[in-house]
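Hi,

Here is the structure I promised to send over.

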Amino acid sequence: MRILLLCSAFNGLTQRCWLELRRAGHDVTVELAVSEQVMVEAAELAKPDLVICPFLKDRVPEGLWRAHRTVIIHPGPPGDRGPSSLDWAIVEAEPEWGVTALQAVEEMDAGPIWGFRRFVMPAEAPRKSALYNGPVADAAVELVAEVVARAGDASFVPEPLDYRSPEVRGRLRRAMRHADREFSWEEPTEDIVRRVRAADGSPGGRARLCEVPVRVFDVYRGPQASGAPGQVVARREGAVLVGTGDGSVWVGHLRVEQEGAVKLPAALALGERVAGVAQRSGYSEITYDRSDAVGVVSFDFYNGAMSTEQCRRLAAALKYAVAQDTRVLVLRGGEVFSNGIHLNVIEASRHAELEAWMNINAINAVCREVIGCGSQLVVTSMGGNAGAGGVMMGLGADQVIVRDGVVLNPHYRTMGLFGSEYWTYVLPRRVGAEQARRLTQEALPIGAVQAVELGLADKVLGGVRLDFERRVLEYAERLAVDPGYDRMLSGRRQVREVDERRKPLDAFRAEELAEMSRDMFEDRHEFRAARRAFVRKAKAGATPEHLARHRELSGASAPAGAGASHM
């Protein structure tokens with residue numbers, strides 16, 4: 001079937017849909033919905049059998065939906081309507097939510113229903129981004145496959161929206177306003193957590209802190225008694241502990257509401273206002289746990305971005321873990337495994353290029369610990385999406401295990417960078433020189449199954465993230481007692497020794513950094529502009545060049561599941 005995907009951004013969900021549809025053998029075109037004219041012209045050029053909108057913020061032009069069957073994937077149960085569905089679901093503590101596929105008509109979200117999925121909401125308020133990238137995305141991908149199957153059935157007729165039906169439990173909800181995002185630190189912790197998480201990662205909860213207006217993101221419950229409401233009583237690893245009406249919350253990220261400010265780790269955003277606040281335990285982005293045989297270094301960095309300081313802490317944690325008497329080391333990421341260097345911190349720095357340089361050197365130190373570990377077998381646990389250097393960071397392990405549904409973007413080109421993280425060593429070693437060139441130059445997203453087929457990963461495991469992590473840990477425990485363990489560990493050491501004699505890791509690093517210095521300091525591929533557009537969330541003015549190129553190649557000899565990506 002010839003399918004056109006219309007999207008406001010080529011986000012993780014849209015990438016998953018494209019990967020799955022291409023893998024199923026469909027001819028898929030993607031267009032960014034930058035204007036009504038572009039949407040209409042895209043349909044005229046693609047001549048699709050079906051138009052699907054996995055992530056669309058704007059109204060579908062009447063000329064398009066009247067000429068082509070157009071199905072909207074809406075992040076709410078049947079009958080739910082409005083642009084703030086997930087926000088309201090979190091704030092109002094809905095016990096159950098869903099995703100609905102509905103046909104585009106004149107009235108938004110009111111068209112006939114092609115299908116729907118329901119899921120139970122977590123008892124603990126989820127971050128909007130975690131809800132969207134988790135159960136919503138899983139349900140949406142299932143629905144897209146169902147929609148395509150039904151589109152091929154001449155007898156199928158979508159069900160008109162009927163609020164008298166017992167299946168239709170949603171309702172029209174207005175868009176959330178600024179006032180709906182505001183909160184006072186005097187409120188109960190539960191209310192603050194829900195309000196902020198309903199606005200995470202955009203636009204954030206609204207409050208005042210240290211006498212300045214701020215947008216609040218990335219909050220966690222703190223201890224019960226921790227100072228007056230609104231008082232910053234402690235800080236740790238970039239987060240600040242703030243008193244509430246009945247306890248406290250750790251605030252991981254803030255954006256001060258002033259011109260030019262960007263979202264940053266909270267202590268960095270507040271700067272001198274919290275310079276004298278004491279450090280306190282109780283919050284950590286990095287943990288180490290172990291059994292007799294298996295050590296686990298877990299890290300969960302907000303949106304997968306790793307600043308210089310975070311990289312230094314992670315490298316220190318790995319150095320400690322490598323020195324332990326365990327037999328297997330597991331490197332476990334969080335909701336997002338990693339997206340490499342921290343573009344927001346770099347952009348906010350007084351000397352952005354110097355900060356970028358320090359950041360890439362710090363993440364290289366993390367990668368060096370993974371590659372250089374000779375005392376244990378290493379397993380990378382990718383339970384969330386990864387991009388750029390975040391993918392490369394995990395490839396130095398003996399086994400790379402990815403969760404089904406994860407999307408990897410193993411390239412740097414869309415950000416105007418050559419890349420480092422020893423990718424010129426670890427990537428060709430896994431997939432071969434030619435495939436490494438293709439992955440980094442063509443800037444395609446890779447699905448979990450395709451990653452294994454290419455050799456980028458070794459194993460795919462299903463389940464939600466907690467189940468996936470449990471299964472990876474069970475695998476690591478089995479690996480630690482495998483009869484062939486000594487042979488595998490000896491083989492790891494021997495391969496590293498042979499590779500080091502052939503070409504030292506320092507040589508790979510030096511060559512990569514020579515290229516990166518030109519990208520960062522000379523700006524030869526417009527890293528500065530790409531970084532600024534990413535951090536400032538600039539709306540695309542036109543479909544990116546690489547998407548246009550892949551429209552022309554649609555249906556050609558691209559690998560199964562091939563798509564385009566946005567870093």
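The lining of the second largest pocket has 6 nonpolar, 5 polar and 5 charged residues (Ala, Val, Leu, Ile, Met, Phe, Trp, Tyr, Cys and Pro count as nonpolar, Asp, Glu, Lys and Arg as charged, and the others, Gly among them, as polar). The volume of this pocket is about 370 Å³, taken as the space filled by probe spheres set on grid points that are joined across faces, edges and corners. Of its 16 lining residues, Leu268, Ser307, Glu309, Val345 and Glu355 are the closest to the centre. A pocket here is an open set of points on a 1 Å grid over the protein atoms alone, where a 1.4 Å probe fits, with protein on both sides within 12 Å along at least five of seven lines; lining residues have an atom within 4 Å of a point. α9 gives the largest share of the lining, 5 residues, while β12 (264-265), α9, α10 (343-348) and α11 each supply at least two. Helices (H or I, at least four residues) and strands (E, at least two) are DSSP runs, numbered from the N terminus.

Before you go further: this is a predicted model, where local features need pLDDT of at least 70 and side-chain atom pairs count only at pLDDT 80 or more, while totals for chains, interfaces and linings use all residues. Residues are numbered from 1 along each chain as its sequence is written, and side-chain values use heavy atoms, with hydrogens and water left out.

Now the helix packing. α9 (residues 308-322) and α11 (residues 352-372) have axes 8 Å apart at an angle of about 15°, with axes fitted to C-alpha atoms over the stretch in contact and angles running from 0 to 180 degrees between N-to-C directions. They are therefore roughly parallel (angles under 35 degrees). Their contact (heavy atoms within 4.5 Å) involves Leu314 and Leu318 of α9 and Ala362 and Val366 of α11, among others. By class, that contact has 11 nonpolar, 2 polar and 4 charged residues.

Finally, the backbone. What is the peptide bond from Asp200 to Gly201, cis or trans? It is cis, with omega near 5°, and Gly201 sits in the loop between α7 (189-197) and β7 (205-209). Another cis bond joins Ser202 and Pro203, omega being about 5°; Pro203 is also in the loop between α7 and β7. Ala93 has a positive phi, near 55°, and lies in the loop between α4 (85-91) and β5 (96-103).

Cheers

Technical notes:
Parallel < 35°, antiparallel > 145°, perpendicular 65-115°, else oblique.
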